[in-house]
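Hi everyone, thanks for coming. Please have a look at the model on the screen, and then I'll take you through a few of its details.

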Amino acid sequence: MKLISIILFFFLLPLAFADLQLGFYASSCRKAESIVQQVVQKRFSRDKTITAALLRLHFHDCFVRGCDASLLIDPTKNTTSEKQTGANASVRGFDLIDDVKEAIEATCPSTVSCADIIALATRDAVALSGGPKYNVPTGRRDGLVSNRNDVDLPGPGIAIPDLKKFFAAKGITVEEMVTLLGAHTVGVAHCGFFLSRLSSNREKPDPTMDPALDTKLVNLCKSSNTAAAFLDQNTSFVFDNEFYKQILLKRGVMQIDQQLALDKSTSTFVSNFASNGDKFGKSFANAMIKMGKVGVLVGNQGEIRKNCRVFNK
């Protein structure tokens, strides 16, 4: 009788104690992941930059309140949202998430969360760019709060010790931090993010930047501060380990990227990934899975939004 009571107790626990799991939608929305993949494939075929956009969107969402799709909420006349901050002003990919959500709602209404769509779409875009293929545990719920005052994301000039503290607070190790920044292999940065490093804005050239790269970037940014540079100057649209090779050659565009190769606490990881693309791919997949679990809502927490841009009424 006591054993039966214990079993019943666990079955009656609130669903919030549930966890993410592979194939979460296997019975409730069997085609969910294939729908995500189809929409991402269609976009990628005409816009290779969508991979970088989704990676940034995923990072910026997870590192504020957790991976709860709070970044997707639009502000209203009476409420603010995370979208309104300077750090999120140039985040893209919201329209793709909308397209996926619309397609899934037509098949499985109020079943698949926007938070899961972000994680799945990012995974698929990475694979399409030549990156690792990995399974994403699902079962996330969408958050009920989106406040601009909660956004405190690291900038491109942050020092490595401060960056490590930021990631550590989210449960991310130093090696995982260096791994996740490898996403910059398909990234771009507007001139405003690195102007201070260029010889045109300094008394002396930055000794940590390759002179040829400095000249190239100075010429790029002369025309407009809104111009953008690839963070991986070699294989810009391919998800590989070239980013690490570039920063070992002092060809890091942003200060934070270059410092990864110079700081003693991170340089070993950079060298390891630069010399072993397979190791980077496996490490990146594991780091993304771990990051995708940061601060998630599950079970009966949060909600399943019908429209990713607004909370349910």
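Some housekeeping before that. This is a predicted model, so to speak of local features we need pLDDT of at least 70, and side-chain atom pairs count only at pLDDT 80 or more, while totals for chains, interfaces and linings use all residues. Residues are numbered from 1 along each chain as its sequence is written, and side-chain values use heavy atoms, with hydrogens and water left out.

Let's start with the rings. How many aromatic pairs does a search of the whole structure find? The search finds twelve. Here, rings of Phe, Tyr and Trp (its six-membered ring) pair if their centres lie within 6.5 Å; planes under 30 degrees apart count as stacked, over 60 as edge-to-face, and the rest as tilted. Take Phe-239 and Phe-284: the ring centres are 4.7 Å apart and the planes are at 55°, so this pair is tilted. The pair links distant parts of the chain, 45 residues apart. Phe-239 is in the loop between strand S2 (228-230) and helix H9 (242-248), and Phe-284 is in helix H12 (residues 277-291). For those labels, helices (H or I, at least four residues) and strands (E, at least two) are DSSP runs, numbered from the N terminus.

Phe-284 also forms a tilted pair with Phe-280, at 5.8 Å centre to centre and 55° between the planes. Those two are four residues apart in H12, so about one helical turn separates them. For Phe-284 the value is 0%. Buried means under 20% relative accessible area, exposed over 50%, and partly exposed in between (1.4 Å probe, protein chains only). Ring pairs join Phe-239, Phe-280 and Phe-284 with Phe-243, Tyr-244 and Phe-273 in a cluster.

Now to charges over rings, which we call when NZ of Lys or CZ of Arg is within 6 Å of the ring centre and within 35 degrees of the ring normal. Lys-48 has its charged end over the ring of Phe-44, 5.0 Å from the centre. Lys-83 lies over the face of Phe-94, with 4.3 Å to the ring centre.

On to the annotation. An unreviewed UniProt entry lists Thr-185, Asp-232, Thr-235 and Asp-240 under "binding site"; positions are in the numbering used here, feature names are shortened, and annotations may be inferred rather than shown by experiment. Those residues span 56 residues in sequence, yet no two of their C-alpha atoms are more than 9.8 Å apart, so they gather at one spot. Asp-232 lies in the loop between S2 and H9 and is buried at 0% relative accessibility. Thr-235 lies in the loop between S2 and H9, but is partly exposed at 24%. Not counting residues up to four places away in sequence, Thr-235 touches Thr-185, Asp-240 and Glu-242, where contact means heavy atoms within 4.5 Å. Asp-232 has contacts, on that basis, including Thr-185, Asp-240 and Phe-243.

That's my tour, so over to you for questions.
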